[in-house]
Number of protein chains: 2
Amino acid sequence: MTNTISGITIAVDCMGGDHCVSVTVPASLQFLSANPQARIVWVGLQEILHPYVQALPSSLQARVDIVYAQEVVAMDESPSAALKNRKQSSMRLAIEAVKNNQAQAVVSSGNTGALMAIARFVLRTIDGIERPAIATVMPSIKPQGTYMLDLGANVDSSAEHLLQFALMGSALVSAIECVERPSIGLLNIGEELIKGNEVVKQAAELMRQAHEDKLINFYGNVEGDDIFKATTDVVVCDGFVGNVALKTSEGLAQFVSHSLKAAFKQNLWSRLAGLIAMPVLKRFKQSMDHRRYNGACLLGLNGIVFKSHGSADTYAFQCALQRAYEAASHGLIERLKQSMPKAPATVSLVNSQEAGQ
Amino acid sequence: MTNTISGITIAVDCMGGDHCVSVTVPASLQFLSANPQARIVWVGLQEILHPYVQALPSSLQARVDIVYAQEVVAMDESPSAALKNRKQSSMRLAIEAVKNNQAQAVVSSGNTGALMAIARFVLRTIDGIERPAIATVMPSIKPQGTYMLDLGANVDSSAEHLLQFALMGSALVSAIECVERPSIGLLNIGEELIKGNEVVKQAAELMRQAHEDKLINFYGNVEGDDIFKATTDVVVCDGFVGNVALKTSEGLAQFVSHSLKAAFKQNLWSRLAGLIAMPVLKRFKQSMDHRRYNGACLLGLNGIVFKSHGSADTYAFQCALQRAYEAASHGLIERLKQSMPKAPATVSLVNSQEAGQ
């Protein structure tokens, strides 16, 4: 990851997530150590954040700004209530730091629905984007994993929306992973053209057109197992389908881990074998470590917004900060804007198709 | 699994799958040994099947009928071509054995699309069922796993279709697993009522109504990870979503297995640890063994049809035979028919809802 622009500042909603400042603050400090040119804005309640501010090493003081908030968005608060009532919350003020150019990206472990609603209201969507999407990285045989969107921000997506997700996913991977023409796969239930539901069939047509127009590098249809085979850099799908795929993967990973532990705990002999195999099992666990992939991007907004998992630990939160930093350093928003103006031509294709039915 | 009715016969399409008679024949023989009251109809090409017929132990001769076919449905043949042109195929004749009451169930490893098309044409759907569905078992923390449908027979399912899948899944689990009121979960992207797409929200309404009418035991919404947690006995979803969940799970399982092997092969020390841990790893592999779950049911037809995985080995194919045998022994078709007549009341609910919009 090269060509880093100096002077990138990340706004951190210090109050979000299950562990609040006990994770967000140390993760920020480790992130600053790892990225000597980066800066941080800490946003949080004064009574909670102040002790950490006072304890800040003098070497880092110039690289950390503080914004004190008056309230916190609860994890179970409805997005509309959070948008209406939490105008002085750490989440809102952290997003506003991006709006006001005080920061180039925001990272929060808070309530996803509220984050999307507030970010959408404060930052607005990029011209040409109707619906922001949530993109994340899934583990795969490639070290960088496979990017996937949408993960649940949109259900009942149209073919046109899926094309927008493809354009956004392409910009995201080119920014974060420095891949110039990331390959895009459309999630379907068969590789043959005839398969799939109506929306996916239409979306494939739009993407083929966008490929011919050199807007995206469209591979074609992919299936669920292609996510882990890294058949393409990006997998595009409706948010309902993507969320089911994500949760199913999480569930299976937990089940496998549970079964592996149970097998090694069955008797004295297997426990002994487990001790001997410990370093190997640890390496295996690391290769599967979902924390490395923490940091989902809310794509399509006029500003970079990353959502960390609510249960993220310090390492995982630092990964989300790093991902946001890469996106900001490599001009994600400019890339998104550049990829958009050419989209309307493909939108008219949908309309003419629908009219022809 | 008790109350087995004597005299159940299973028609076997001996020509299907990657391994043809080298799997279907020995699996049938093992199945007969394990089920002393069961009978088999072998359906296949004379030149290929005849040597096996001649080698049949005299003790089994009375329990195996033979039907010679003149052709085979190719794995890449289109369902419509197979339906039109393969009237003397092993697949078609095996299905016809069920139609003619020569057998109570058919098992094939052949072309899924062709099997669905031919079975639908020959057997017809049960009154009240608009679309047959494909149901399979996913591994879970419960020994019997979690039944899931639809797995790809239907895309763009309506709320009404999802209700029918729930009724059918309920009948299937009560027949195979002898669970009297299996719990039904509706696959969604959040447990809250407000989440999900329009079809799923409507389907949840219909299922709550069906629960009140004592037609099903509806648990409510479940998410992807609930499949492996065995939160419910059955998980119902549209075929597009179900197929993505299935393929994603298969892909992740392969990826995990690949990563675990790679970790144990990294150096001499890890290879040694792998040797010591071998019995434990073998037990773990067995607990994850997808072959145990082989045998997807084509549900909603006037006859029991099971699809084995094309790559099934002898053990896996025997599991599919056993599953078909349990379904036939416990009156799956009668259970399905009994659960259907009450459905029209709920269908009218959809119509009145749509009219009221």
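**Salt bridges in the predicted model**

Okay, let's start with a lysine: Lys142(B) is partly exposed, at 30% relative accessible area. Keep in mind that this is a predicted model. Lys142(B) pairs up with Asp233(B) in a salt bridge, and the closest N and O atoms sit 3.1 Å apart. The lysine is in the loop between strand 5 (133-138) and strand 6 (146-149) of chain B, while Asp233(B) is in the loop between helix 9 (226-229) and strand 9 (234-236), so the bridge ties together parts that are 91 residues apart in sequence.

Is Asp233(B) buried or exposed? It's buried, because its relative accessible area is 10% and the cut-off for buried is under 20%.

Staying in chain B, Arg39(B) and Asp65(B) also form a salt bridge, at 3.3 Å from N to O. Here the arginine belongs to strand 2 (residues 39-45) and the aspartate to strand 3 (residues 64-69), 26 residues apart. Arg39(B) is partly exposed at 27%, and Asp65(B) is partly exposed as well, at 29%.

Now over to chain A. Asp313(A) bridges to Arg291(A), with 2.6 Å between the closest N and O atoms. That pair links distant parts of the chain, 22 residues apart: Asp313(A) is in the loop between strand 11 (304-307) and helix 12 (314-329), and Arg291(A) is in the loop between helix 11 (268-287) and strand 10 (296-299). Asp313(A) comes out partly exposed at 28%, and Arg291(A) is also partly exposed, at 28%.

Chain A has a network, too: Glu71(A), Glu77(A) and Arg86(A) are linked by salt bridges.

And how many salt bridges are there over all chains? The count is 22.

How values were computed: Residues numbered from 1 in each chain as written. Chains lettered and ligands numbered in written order. Predicted model: local features only at pLDDT ≥ 70, side-chain atom pairs only at ≥ 80, totals over all residues. Heavy atoms only, no water. Salt bridge = Lys/Arg side-chain N within 4 Å of Asp/Glu carboxyl O. Helix = DSSP H or I, 4+ residues; strand = E, 2+ residues; numbered from the N terminus. Buried < 20%, exposed > 50% of the residue type's maximum accessible area, 1.4 Å probe, protein only.
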